[in-house]
Amino acid sequence: MHEGEQDVIRYAGEKDVKQKKQILQKLRNLGSHLHNTQVLKEGKGELLVVYRSKRATGKGADNYVPCTNFAGYFNKRQLWKHVKKCTGKHTKGRKHVSAGKLMLPSKEGVQGHLHTVVQCMVDYEIKRVVKNDSLILKFGEKLCRTAGHNRAQHNHIRNAMRELGRLLVVLREQLRIMDLEQAITPQKFPAVVEAVQIVSGYDTTTSTYKTPSLAKKLGTRLAICAGIMNKDAMIELDDDKVKRAKSFSKLISIDWASQVSSNALRNLYEAKKNNIALVPLTEDVRKLSALLRGEIYDAIKEIATCFTQDSYKQL
């Protein structure tokens, strides 16, 4: 039944007892990985892990990742111990956790670059919110279509999705709005403004934001989400949803500046204006210039008398 599989062939032909045990353990782990993949996809069941520490602070499914070579599941905080013992080649440093995350199953519809972006997101409440909100995932997919091919842009896409996730957490806790699509309606516009002010740390007494850049960016993110919702509604011939998305977009263009972005831009401008630029004194520049000229002179003199690689590098 399995005679054609490479690991089974290796196991049958291996003479070394230690190596044979390692191959057998890997085969067991691969079986456990298939089981764990199904558990994670369905969201129910128990993960089969190599070691479950009693002292580990995080014991939920999100806290376990597979070893990319060994296929066994370990707590993320404990994986480094296995990496030191693992016989196969591994990604260096903390990247082995990120590499393991890419072996985990993605949510239905989350594929390609978006899967990489979401799986490498820091594990906490925001990641779970992002993974389970269809509109935030569509927003991330839109960004991945234009910039996902460039790995340098993955962090930017991840941050943008995380910002929307933080907003949705506030909408859920403070206003009982459970998903972003539910928030994009003209009736909920004041609630969305309030949530943006909360997540950006708005102080009503001083009209200042703790994080003005976040308040400014969220307006753009929400406008994009409204556009995505409008497009999908047009395809689905859902006139009510089209009307809601268009009305919300119009409110952003009419009222967002006065409600949010004007204060945010003012805070950013004032912070920049009050930022003291330290310029070196003339005397300091003279001292540095004299020092460099002295070192150049000494290096030239040394090369003239006895050429060495070190003196050439110094020059």
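What follows is a chat about the helices, salt bridges, ring pairs and surface of a predicted model.

Colleague: Before we start, what kind of model is this?

Modeller: This is a predicted model, and local features in it need a pLDDT of at least 70.

Colleague: Okay, helix α10 then. Is it largely enclosed or open?

Modeller: Helix α10, which covers residues 189-199, is largely enclosed by the rest of the structure, because 8 of its 11 residues are buried.

Colleague: Which residues of α10 are buried?

Modeller: The buried residues in α10 are Phe189, Ala191, Val192, Val193, Ala195, Val196, Gln197 and Val199.

Colleague: And what follows α10?

Modeller: Glycine 201 follows α10, and the phi of this glycine is positive, near 70 degrees.

Colleague: Switching to aromatics, how many aromatic pairs are there in the whole structure?

Modeller: The search of the whole structure finds 3 aromatic pairs. In one of them, the rings of phenylalanine 189 and phenylalanine 248 have centres 5.7 Å apart and planes at 70 degrees, so the pair is edge-to-face. Phenylalanine 189 belongs to helix α10 and phenylalanine 248 to helix α12, so the pair ties together parts that are 59 residues apart in sequence.

Colleague: Are those two phenylalanines buried or exposed?

Modeller: Phenylalanine 189 is buried, with a relative accessible area of 4%, and phenylalanine 248 is buried as well, with a value of 0%.

Colleague: Which residues make up the cluster of ring pairs?

Modeller: Phe189, Phe248 and Trp256 are linked into a cluster by ring pairs.

Colleague: What about salt bridges, how many does the count come to?

Modeller: The count comes to 7 salt bridges. One of them joins arginine 221 to glutamate 163, with the closest N and O atoms 3.0 Å apart. Arginine 221 lies in helix α11 (residues 212-236) and glutamate 163 in helix α8 (residues 154-175), so this pair ties together parts that are 58 residues apart in sequence.

Colleague: Are arginine 221 and glutamate 163 buried or exposed?

Modeller: Both arginine 221 and glutamate 163 are buried.

Colleague: What does glutamate 181 form a salt bridge with?

Modeller: Glutamate 181 forms a salt bridge with lysine 241, and the closest N and O atoms are 3.1 Å apart. Since glutamate 181 lies in helix α9 (residues 180-183) and lysine 241 in helix α12 (residues 239-274), the pair ties together parts that are 60 residues apart in sequence. Glutamate 181 is partly exposed, with a relative accessible area of 21%, whereas lysine 241 is buried, with a relative accessible area of 12%.

Colleague: And lysine 231, which side chain does it meet in a salt bridge?

Modeller: The side chain of lysine 231 meets that of aspartate 232 in a salt bridge, at 3.6 Å from N to O. Lysine 231 counts as partly exposed at 41% relative accessibility, while aspartate 232 counts as buried at 13%.

Colleague: Which residues are joined with those two into one network?

Modeller: Salt bridges that share partners join Lys138, Lys231 and Asp232 into one network.

Colleague: Last topic, the outside. Which residues form the nonpolar patch on the surface?

Modeller: Leu288, Leu291, Leu292, Ile296 and Ile300 form that patch, and together they have about 460 Å² of accessible area. Leucine 288 lies in helix α13, which covers residues 282-305.

Colleague: Why might residues three or four places apart point the same way in an α-helix?

Modeller: An α-helix has 3.6 residues a turn, so residues three or four places apart point the same way.

Note on methods
Residues numbered from 1 in each chain as written. Predicted model: local features only at pLDDT ≥ 70, side-chain atom pairs only at ≥ 80, totals over all residues. Heavy atoms only, no water. Buried < 20%, exposed > 50% of the residue type's maximum accessible area, 1.4 Å probe, protein only. Helix = DSSP H or I, 4+ residues; strand = E, 2+ residues; numbered from the N terminus. Patch = residues over 30% accessible without salt bridge, like charges linked within 9 Å, V, L, I, M, F, W, Y side chains within 5 Å. Areas by Shrake-Rupley, 256 points an atom, 1.4 Å probe, with all protein chains shown as cover. Salt bridge = Lys/Arg side-chain N within 4 Å of Asp/Glu carboxyl O. Phe/Tyr/Trp six-rings, centres within 6.5 Å; stacked < 30°, edge-to-face > 60°.
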